Amino acid sequence: MAVPAAGMSQRLVNWARMKSPWITIFNSGACNACDIEIIACLMPRFDIERFGMLVKGSPRHADILIVTGHVTLKQASRLRRVWEQIPEPKYVIAMGACGASGGVFHGLYHMMDCVDRVIPIDVYVAGCPPRPDEIINGVVTCLNLVHEDAAHGGKEWRQKKAVPVTGTDTNICKVVP
Amino acid sequence: MPEVVVSIGPHHPALKEPVNFKVVIEGEKIVRLELDLSYNHRGVEKAAEQRDFIRVLPLLERVCGICSHAHSTAFAKGIEEIMQLEVPPRAQYIRTIIAELERMHSHLLWLGVAAHVIGFNTLFMWTWRDREAVQDTVEEMSGNRVHYGMNEVGGVRRDLTPAQVTAALERLPNLEERIKKYVDMVNSEETMLIRFRGVGKLSKEEALRYGTVGPTARASGVDYDTRKDDPYLAYADVPWNVVTDTNGDVYGRTRVRIGELWESLKIVRYCLENLPEGPIRVTAPRNAPTGEILSRYEAPRGELAHFIRTNGTDKVERVDIRTPTLANWTSVAICLVNQNLADLPVIVAAIDPCLSCTSRITLLDSQTKKTGVMSFDELIRRNRSRDQGLVRP
């Protein structure tokens, strides 16, 4: 599909988006380890601010949402609400083993098991917890996604299409007994 | 003036972890505090009943990312006592080294966060930079920066090589200098004195009455430290002092924590220099005999207690974790009365709250007001039916 060439103003917006992604951190029930490693990223040693990142308290100011940890049942609706408040285009990074699959807490009674069940994820960062350099790598991967999305004119190019409904049979998900 | 309820959390710029405060204020003064701690509840205690002693330690480490060694040591220590295992002295010393490094990293982290909430971000950056030296040492010894995975029932999993010991010792003089700097700062820096002095005062009687533990209690003049009063690991062999203070306010708690940094550094140096030779673990039997034990441990935030009941199998029948933050919350509610709303973050931060350890729920029937116990499968069934509405389309 041919993408129309971006105009001057759109190119300026894309450039600004790449150079100053603001992040908001949401603790969805993590054990603190991922949180302190993210804060360590902001500190003089790793200094994530050199990518133009700034941690913002309000999701309305943010471009990237970093979710630390598995999602507890009580936090799930709050996470969803915070995600809905972030203006488009928004990106989500899930931290650690818990963010991907629940990690060591997989299958417990107060767990959603993974962030993916509540909001869509763009980048997974592995580790328990990920080292600050791995977090920086994840963030840079996310920035590359932002760049590619800007070139494609949106996120749709990397999202799976829904199965097309053919004929009159709309009930394609019917379970065969 | 009418009372106003200010609701803070669970997601709030000033909070690092999900908690909900309902602060009742009259003008600028706080009248009382209501708390909701259950956002972080994961059901670790129930999960611990499902896993054997090898698999339960990694789970218990992840109760809290800051005092992870505290939880696994408290549990391993209790199980070893039930099994009547004699843990080799080298393992005890290595556990002590990691425990004290953990205390140093936690206190430096706390000092940074406390400085951050009063808007003194320079100190925040400084302490976190110095904390990296501790993190490097821990990473060299254990292979990970946060969850160390050093413990197993019967000893430790990794030995310290002479090169690691030398590298750790070489980092200490620089840290020593920085801690001296912080001692100077807390006593002379006007920014900190104005915001810390006289804020969140807790008398010795109140500290005892409301059962505070750790630096919060010691800052009010309560001379109580599990490491001294009920020595475990290698603390009985090491020369060190309990740090107390008589101020009882946030200033006193800062002084206690900085004093403890100093003592921890001394303990780490002593243990590294006097590391005994020998094996690092004994083979533990698979099953533990029937028994009950209360294993106490001085975590960075105060006394941590694991109550463990075994039933002759390779799993615990019950493990109950009483974390220091849970013990200290009552004192926060007491300290806050008649304080300015603007001092709320610093008073809350002064106990170094760790909500991931503390979150818990009670099963309560809203009609009959009865509390109860439920099996793991029943809990799973109930919650799985409840979370259907939350799954994204």
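## Basis of the model

Residues are numbered from 1 along each chain as its sequence is written, and chains are lettered from A and ligands numbered from 1 in the order in which they are written. Because the model is predicted, local features need pLDDT of at least 70 and side-chain atom pairs count only at pLDDT 80 or more, while totals for chains, interfaces and linings use all residues.

## Chain A: overall build

The secondary structure of chain A comes to 5 helices and 5 strands. Helices (H or I, at least four residues) and strands (E, at least two) are DSSP runs, numbered from the N terminus. Along the sequence, the pattern of chain A is α-β-α-β-β-α-β-α-β-α.

Of the 177 residues of chain A, 42% count as buried. A residue is buried if 20 or more other C-beta atoms lie within 10 Å of its own, exposed if 12 or fewer, and partly exposed in between, with C-beta atoms placed from the backbone. Two residues are in contact if their C-beta atoms, placed from the backbone, lie within 7 Å. Among contacts in chain A between residues at least 6 apart in sequence, 78% join residues at least 24 apart.

## The sheet of chain A

In chain A, 5 strands form an open sheet with parallel pairing, in the order E2-E1-E3-E4-E5. Strand E2 (54-55) and strand E5 (123-125) of chain A are at the edges and have a single partner strand each, so one side of each lacks a neighbour in the sheet. Two strands pair if DSSP finds at least two bridges between them. Strand E1 (residues 22-27) of chain A runs parallel to E2(A) and is joined to it by 2 bridges; Trp22(A) stands opposite Leu54(A) in E2(A).

Two helices of chain A lie across this sheet. Helix H2 (residues 33-42) of chain A lies across E1, E2, strand E3 (64-68) and strand E4 (91-95) of chain A, at about 140° to E3(A). Helix H5 (residues 132-152) of chain A lies across E3, E4 and E5 of chain A, at about 170° to E5(A). For these angles, axes are lines fitted to C-alpha atoms, for helices over the stretch in contact, and angles run from 0 to 180 degrees between N-to-C directions.

## Chain B: overall build

Chain B has 15 helices and 10 strands. Its radius of gyration is 22 Å, close to the 21 Å that the globule rule gives for 393 residues, so chain B is as compact as a globular protein of that length. The radius is taken over C-alpha atoms, and the globule rule is 2.2 Å times the number of residues to the power 0.38. The C-alpha trace of chain B spans about 70 × 55 × 45 Å along its principal axes.

Of the 393 residues of chain B, 47% count as buried. Among contacts in chain B between residues at least 6 apart in sequence, 70% join residues at least 24 apart. Strand E1 (residues 3-8) of chain B is hardly covered, with 0 buried residues among its 6 residues. It runs antiparallel to strand E2 (residues 20-26) of chain B, to which 6 bridges join it, and Val4(B) stands opposite Ile25(B) in E2(B).

## A sheet of chain B

An open sheet of 3 strands in chain B has the order E6-E7-E8 and antiparallel pairing. Strand E6 (291-299) and strand E8 (316-322) of chain B stand at the edges with a single partner strand each, so one side of each is left without a neighbour in the sheet. The twist averages 15° from one strand to the next. Strand E7 (residues 302-310) of chain B is joined to E8(B) by 6 bridges, and Phe307(B) stands opposite Asp320(B) in E8(B).

Helix H3 (residues 68-83) of chain B packs on the sheet, touching E6 and E7 of chain B, and its direction makes about 145° with that of E6(B). Helix H12 (residues 324-336) of chain B lies across E6, E7 and E8 of chain B, at about 130° to E7(B).

## The nonpolar core

A nonpolar core is a set of buried Ala, Val, Leu, Ile, Met, Phe, Trp, Tyr and Cys residues joined through C-beta atoms within 7 Å. Of the 150 residues in the largest one, those that touch the most other members are Leu65(A), Ile66(A), Val67(A), Leu79(A), Ile93(A), Ile98(B) and Ile347(B). Helix H4 (residues 89-117) of chain B gives the most to this core, with 14 residues. Apart from its neighbours within four places in sequence, Ile98(B) is in contact with His69(B), Val138(B), Met141(B), Ser142(B), Tyr148(B) and Met150(B).

## The contact between the chains

The contact takes 37 residues from chain A and 40 residues from chain B. On the chain B side, helix H1 (44-48), helix H2 (53-61), helix H5 (121-142) and helix H15 (376-386) each supply at least two residues. The largest share of that side, 5 residues, comes from H15(B).

By class, the side of chain B that touches chain A has 20 nonpolar, 9 polar and 11 charged residues. Here Ala, Val, Leu, Ile, Met, Phe, Trp, Tyr, Cys and Pro count as nonpolar, Asp, Glu, Lys and Arg as charged, and the others, Gly among them, as polar.
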